[in-house]
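Visitor: Could you walk me through this one?
Guide: Gladly; let us look at it together.

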Amino acid sequence: MKKHSILLCFVMAIASCAGGPDAGTITSDESLRIFPDYSEVLIPCNLAPANFMIDNEADAFYTVLSNNGQSVTIKGQKVRIPEKDWKRLISGGDGRIEVNVFIRRGKEWAAFPTFGINISSDPIDRYIAYRKMPLIVQVYNSLEMIQRDITCFDEKVYFSNTMVHEKSEGTCVNCHAFSNYKTDNMQFHAREHNGGTILVIDGALRKVNLKTPMTISAGVYPSWHPTHKFIAYSNNKTYQEMHMMSHDKIEVLDQENDIVLYDIENNAISPIENDSSEMECFPTWSADGRTLYYVSNHYESPFDSERFDRILNDRLKLHFNLYAKPFDPDTRTWGPHYLVYDAAEKDSSMTWPRESPDGRFLMTCISTHGIFPIDQIASDLFLFDFKTGNARIIDEISSPYAESYHAWSSNSKWAMWSTRREDGTFTRLYFSHIDENGHFSKPFTLPQKDPESNRKLLYEYNVPEFQIEPISVRPEDFAKLISESDAIPAAFESKRETDNDGNLTTSDYRIDGMTGASVQK
Amino acid sequence: MKKITGKLAAPAIAAILWAILTFTQSEVLLKTSDLSLFLFDWTFLKESFMIPGGFLGWAGSFFTQFLYIPWLGALLWVAMLYAAGHLTVRAFGIPSKLKALAALPVAALVIANMSLGYGMFIMRPQDYFFAPTLGYLLILGIISAVRKAPLFWEKTAIIAVSAAAGFIVSGVFALAGTLAAGICVLTEADNDCAEMNNGKKTGIAILSLAFCIAAPVLLYGCFTRYRLADSWSMGLPSISDDEWTVRIRLSYWFMLGLSLLFAALMPTLKKAVAAKSDKVRFANVAISIIAVLSVATFWYKDANFKAELKMSLAVDRSDWEEVNDIYRQVSTKHLNREKKALEKRKAAISVTGTPEQAQFVVKEYEKCFFQPTRLMVMFRDLALLKQNKALDTAFTMRDGAKEQKSLTQIPMAFQAGRQLYMHYGLVNMAYRWCLEDQVEHGWSYGTLRYMAAYATLLNETEFAAKYLGKLDRTLFHRNWSRKQRPLSADIQKMSQELPYREIIPYMSFSDRMSNDLVKCETYIMKHFAEDRDAVASPEFDRAALLWAMRTQNINLFWKALSQYLSTASDINLPKHVQEAVILYSNLEKEDLGIPIDKSVKDSYAVFNEYFQHARFSCEAEMPASVWFKFGNTYYYYYYFIRGLQTF
């Protein structure tokens, strides 16, 4: 307490010298409202300035930030901290920035209780990539794939679909994924006009068509194998409908789902799971690459023209469970799958599993039903702690609105996810630190140069992923590939799978993507 | 005298144009403004630099907002056009005897805007009204600047800057200006550089061409929002439909082409003018007439379109009386003429020998009779329902499904989806069409207002704040926004204010999954037939009954009637409901004992009696003939309004 009083006196002294609050300053009896809320959060030591604005009404604003004997004073409702000053404040790793906010109404200055911004010595990956897009229902136009340096405010469009729109023929871009947090091996999909999956393989560009006659769609939700040149994809036949009267506006549903493996070097797709009574989706590799997690909903219904209507009617009963399937990457051989979490038993639906790179945690989305949590207010994040065996909803970072697409930083210390907590509809990116006990710190949002920008922004952030290096391929090179190259058709290969006794249960064959010729291997 | 006439011609034409725009096109101007957006916001300005020509669009949007006050917006535009005409003469050095040439690019600009019609709903972006005019002024500015620069290096510098910086701010307009300036130097239209040697002139012309080709290529790496191949059309308005784009851009290409042509041919033209003054005078008059006639010919004229726009603006204000007045006026404007046409048609039919010939005559006369578009009927019914007059009067007015006078039919959902859905309480579908609209055409005042209203209705305060925050940064919609803000945070207050208090009663239905498949009318019809909650409001049941009557499905009518009776406060059935009851009871030969007024019984008897004796040459003759006798009854609607196409 004494320490704080001394600090406050020190702050007042600085402030009065700078034409701010003076000795007559009183303590405000209202609570401080700031946006974004950075009070008592834990931020990484290399984060961009945590700019915020003060929402309390006043004639003048005065903020003093101090740490390590350094202090910065900012006048004005928007607290935009110069990057140099910010670096001084957060230097030295662990620590706490004390923030004192004063407001003036008329001639009277009032001080709010000090709050802190805690600094973690665990750094965060320097880059994140996301899709920035307006709210859409069916029609899309401008979709930008962006990489942001989160140690500062630099944002770079690495590709925009408007670079390849031709007259009224549009191209949708989605689902970027990066191998081991690097960008020399990455992928995203271009759909519809000039469509194909765009791959960067060791820096070289390739456009492939992952739809084969034997699979229900091209690759959709991807996961790069951590040690080998494989990507696991889901295959989806996706539809959507509008809610007529609900805060959940849209319901995205799949009519069919399977999961497949794409062997990059052989340019071949092979099935992983394609049981017609199961809807398998969201494959994701374990950190060692020897297990594939995925979710599946058991659904028996004929594949006729009424199937979608039945799915629509049954939508509240669609509950996806979490499964795992062993994999030997050297022989590309699968073991039998097993149930990890029975969400259906709890009338829940589990989606988007992602394992932390250190292999300790697995985070998923959990909601009441269905496969598309981002459009469900009820969606929360769920954590499996493989060290303790705990499995729980992460209450400490949940909000009344949808929490969805999440990613782990490469050091497994930070989680990033998209959430609609700010207004219920626009997704924003939030971060949180996880400690040794598997507890998350208070979430904070991606800092912006103008702290008000997320309030004003009529775009949302989508599919956030961490990277440790910038994307080196130029936007125009992606555009050229998409516009001018035909997608190379992938071949189809049979699955190699063993039963519980380790006996191989499948035969080896390959159907060439170009010629359609079948070859027994 | 001639000189005075000549000097007054341009201001007079400008004044006439302003008067026409102000007094006959105010709804077009207002709607144009409503479909656009300008924010007093730094980010909004920064965003404009994301594509070449974006800044021109920003400036265009700035002026477009003034169309909210039609006389002012029209004045600004006409002033710009006037300036464009005046500067065209000066920039190209057009001889005074052939000044009318300057009217041609101006006419192209007028045609581009005023020939749009339904195209206004699919324009992308929505700054098209002023941006091309500003772009043309920039072309003239570049030409004048190059002309005024006396030295070779000065001209070269201006050309380089106008190609590069100009391309960034105005797209193809700066390139056209640069190229035209280069040609002017080469062809000596640029008098000020007559002393410059031919080598230098050729050099400047080649440089201007090279800059025009190279600037977009070299600058492409700075942008990420368009295709390289589209570089040379950046800054031009486009339409989210290829066929429309070609048509709309013709005017602009013509205007840009004229700039190059003037630059290339002006010296030759000057010599010709000096030699043949009589022919020149004739040519000057002829060009003026061509310009005026072109504008008159291509100017979009359609009473239904204008009525739709007026009704739409009234719907936005929840001014239902106004909606009905507009419909009444447009549908009864030519009643006497229609009666005469009917007589003439009767006479023409009487001399035909076969039903096929009679049908041909009927077809010939079809255009003489008023027919509304489906949207007009939809707006009218909505207004009548809101006034609780629909079940007494909806079928007293003309019905129909006249096609839009348009290159392609613009779906009702694009044009008025958000309005119809919102006012019928189908708020999520209104949300959907706001989003579809903003994705296709960018945000507009209209979509922002409807999104804010949507969020307010659903009590999503923070979400509403997002859109209200944008409207706070506008010039003419900030007051609306300020009034809405307290409503968005107070559900009680909101439910007592317009339009919410009139929308909430229609929200008597449970959630289900649905898709309108871009067919508004069909969707609304199906909604009222199927989605009623166990407990509904009288407003919902009134609408459900009207829509059931519109389906001409007898079973649906009885079901809707029983629901209506469960919530109606007045035990006397409205006129059209009684008409439907008597009609359907007779058709089904079943008397349910529902009390029917004598006047209705009499009118039904007269209707039946008439058709027992009436003779027509062909079936197609009947609707228009009978309308004057029974057009105010539901029986007429049931028998003669069939197979309407909605979209």
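Visitor: In chain B, what share of contacts between residues at least 6 apart in sequence joins residues at least 24 apart?
Guide: That share is 73%, where a contact requires C-beta atoms, placed from the backbone, within 7 Å. This is a predicted model, in which local features need pLDDT of at least 70 and side-chain atom pairs count only at pLDDT 80 or more, while totals for chains, interfaces and linings use all residues. Residues are numbered from 1 along each chain as its sequence is written, with chains lettered from A and ligands numbered from 1 in the order in which they are written.

Visitor: How many helices and strands in chain B?
Guide: Chain B holds 32 helices and 3 strands, taken as DSSP runs (helices H or I, at least four residues; strands E, at least two) numbered from the N terminus.

Visitor: At what angle do α19 and α26 of chain B pack?
Guide: Helix α19 (residues 412-423) and helix α26 (residues 520-530) of chain B pack at about 35 degrees, their axes 10 Å apart; axes are lines fitted to C-alpha atoms over the stretch in contact, and angles run from 0 to 180 degrees between N-to-C directions.

Visitor: And which residues meet there?
Guide: From α19(B), B:Met412, B:Ala413, B:Gly417 and B:Leu420 meet B:Cys520, B:Glu521 and B:Ile524 of α26(B).

Visitor: Switching topic, how many residues join chains A and B?
Guide: In chain A, 37 residues are in contact with 36 residues of chain B, and β19(A) gives the most to chain A's side, with 3 residues.

Visitor: What does β19(A) pair with?
Guide: Strand β3 (residues 513-514) of chain B pairs with β19(A) in the antiparallel sense over 2 bridges, pairing being counted when DSSP finds at least two bridges; A:His243 stands opposite B:Met513 in β3(B).

Definitions and conventions:
Two residues are in contact if their C-beta atoms, placed from the backbone, lie within 7 Å.
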